[in-house]
Amino acid sequence: FSIACEAEAAQMNEEMMKEYGAEVLKQENVSIFDKMRIYRAELSFLGLGQQGRAVEAVELCLGALKQLGCSFPKVEFMRSISLVSNLMKHKRELPKRNAMEVGSLPIMTDRRMKEIDGILNEMGIYAYVAGYTTLSGLCTMKQTEITLKHGVHERSFDGFSSLAPFFFVAFGDLQATDRIAKYARFLKERTCGDRCVSGFSMMQGSFSLPWTHPWPVTLRELLEGYESGMRDGQLRDAIYCVSSYCSAAFFSGMRVDTLKSDTDIYVRHTSELNAGYPLHFLIMIQRACELIVSFDSRTGSLESAHTLVKELESHVKQDDYMMAMLNTFQGAIHYLCSDYEKGSALAQDVGILLDKLLSHSANMPSLYHQCFALYSSAQNAKGLKRRKLKRLGLKRHKILKAWAKQSCVNVVHYVAILDAELAALKGVKKAKVEELYQKATMLATRGGFVQDVAVANERFGYYMERRGEKVEAGRRFEQAVQYFDEWGFVQKAVLLSREKEELIAAWAIARGS
């Protein structure tokens with residue numbers, strides 16, 4: 001019956017899967033480990049092909065853990081207290097251990113503890129997806145405690161990989177986050193050697209590496225994780241890896257039409273695998289690329305801008321994490337299409353998404369696009385509205401600056417662009433504003449953030465145009481057109497070159513003379 005249950009789960013036949021599983025669970029003489037096979041089969045079914053059932057998966061995990069003698073506080077308030085207490089305990093004790101010490105912990109021999117750790121790992125993921133952030137954090141705390149107390153096994157690195165994002169949100173300490181990620185890497189190398197593990201690559205590439213390493217390092221890790229997961233049959237982790245890869249590629253400057261072609265292939269492949277839930281993440285990126293490519297250069301409008309939300313919202317509206325991702329890409333569309341009023345309204349509506357995204361790399365562009373839209377809208381506002389928009393922007397700007405000070409290389413150019421926008425908003429002397437914009441474009445260019453170079457030059461051009469510097473404005477608009485075209489946003493380049501034709505011509509004449 002156990003084998004039949006697992007087979008039906010793989011075939012996505014829920015009715016027969018539950019029927020066979022019930023036969024096993026009702027037998028009193030069946031060992032707890034055989035019963036765990038049924039729970040795992042049902043979790044595999046829920047995780048791979050069923051959207052919107054993360055809550056059901058959490059309840060299934062809680063039932064399995066109860067049978068294994070592991071329980072959680074039932075009241076949310078008590079869960080929160082327990083999570084804070086555990087985080088503070090880890091903050092005190094983990095710095096006392098070095099990565100080698102963690103990596104040399106004894107091998108776990110308690111089979112029950114291995115089962116508990118495996119179910120905790122599953123529940124941590126589903127709880128996060130379902131919006132039960134506190135419960136997800138408690139799963140992570142228990143996983144790390146089990147490893148430190150009972151030793152390591154082949155998936156012990158999962159707990160430390162998941163601990164890093166919670167440390168990031170709780171303390172904002174990127175160095176501590178990186179140290180915990182290194183603990184996970186040592187454990188992974190201890191148990192798996194040099195073999196790539198897709199789940200590890202997904203956590204490292206999505207939640208840890210982007211904060212301390214340039215994007216190319218992250219992209220390489222995520223691609224390796226995708227290939228490993230597809231090879232080893234870890235489809236869910238593989239698809240999360242490729243989704244995070246496409247997300248990182250979108251924000252790090254990959255040519256958008258190239259990325260669209262790649263996501264088309266990944267979406268088609270994922271659909272054939274009946275991947276379910278993770279597929280929506282990929283579709284978001286695919287639709288975002290489509291919206292940019294289909295931008296209307298005749299009117300400068302993006303009539304289908306809300307398509308990204310309307311098409312996917314019904315699938316992910318009960319999922320805080322996926323809604324946060326959807327809001328992130330919606331904000332990116334407004335930013336790239338210069339629709340700052342809508343971007344500002346979105347920022348005020350959804351707020352800062354740290355509690356939902358944890359330390360996912362999407363936090364960086366999300367905060368930046370929100371802040372940029374708020375500053376840009378404030379320049380056209382007056383009175384109380386202007387002060388409110390500026391205040392909200394400063395709050396986001398402050399967080400990005402804190403990350404930059406901790407050597408987060410992927411936000412340095414964001415901070416520079418926002419510094420220039422804030423200086424323009426405050427009415428700082430022209431020479432200083434010019435210096436800040438030049439610094440911003442230089443840093444964005446050096447990092448390969450082509451779309452951000454284009455936007456920075458465009459904003460620099462508008463600033464110089466308002467100051468009456470037509471030749472310099474034309475120069476900046478010309479560069480913006482070049483970079484938009486280089487990124488693959490051809491229609492925006494066409495629109496901008498047409499709208500600023502006279503200024504660009506003035507710059508061409510001045511350059512020729």
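**Aromatic and charged side-chain contacts**

F160 is buried, with a relative accessibility of 0%, in a structure that is a predicted model. A search of the whole predicted structure finds 21 aromatic pairs, and the structure also holds 17 salt bridges.

**Aromatic pairs**

- F160 and Y183 form an aromatic pair with 6.1 Å from centre to centre and 90° between the planes, an arrangement that is edge-to-face.
- This pair links distant parts of the chain, since F160 lies in helix α9 (residues 157–171) and Y183 in helix α10 (residues 174–192), 23 residues apart.
- Like F160, which has 0% relative accessibility, Y183 is buried, its relative accessible area being 1%.
- Y462 and F477 form another edge-to-face pair, with their ring centres 5.0 Å apart and 75° between the planes.
- Y462 is partly exposed at a relative accessible area of 23%, whereas F477 is buried at 0% relative accessibility.
- Ring pairs also link F250, F251, F329, F484, W487 and F489 into a cluster.

**A charge over a ring**

- The charged end of K142 sits over the ring of F72, at 5.1 Å from the centre of that ring.

**Salt bridges**

- R185 and E221 meet through their side chains in a salt bridge of 3.3 Å, N to O.
- R185 is partly exposed, with a relative accessible area of 28%, while E221 counts as buried at 11% relative accessibility.
- K492 and E458 form a salt bridge of 3.4 Å, N to O, between their side chains.
- K492 belongs to helix α26 (residues 490–499) and E458 to helix α24, so the contact ties together parts that are 34 residues apart in sequence, and both K492 and E458 are buried.
- K500 forms a salt bridge with E465, in which the closest N and O atoms are 3.0 Å apart.
- K500 is in the loop between α26 and α27 (501–512) and E465 is in helix α24, so that the pair links distant parts of the chain, 35 residues apart.
- K500 counts as buried at 12% relative accessibility, whereas E465, at 32%, counts as partly exposed.
- K430, E434 and E469 are linked in a network of salt bridges.

Methods. Residues are numbered from 1 along each chain as its sequence is written. This is a predicted model: local features need pLDDT of at least 70, side-chain atom pairs count only at pLDDT 80 or more; totals for chains, interfaces and linings use all residues. Side-chain values use heavy atoms; hydrogens and water are left out. Rings of Phe, Tyr and Trp (its six-membered ring) pair if their centres lie within 6.5 Å; planes under 30 degrees apart count as stacked, over 60 as edge-to-face and the rest as tilted. Helices (H or I, at least four residues) and strands (E, at least two) are DSSP runs, numbered from the N terminus. Buried means under 20% relative accessible area, exposed over 50%, partly exposed in between (1.4 Å probe, protein chains only). A charge sits over a ring if NZ of Lys or CZ of Arg is within 6 Å of the ring centre and within 35 degrees of the ring normal. A salt bridge is a side-chain nitrogen of Lys or Arg within 4 Å of a carboxyl oxygen of Asp or Glu.
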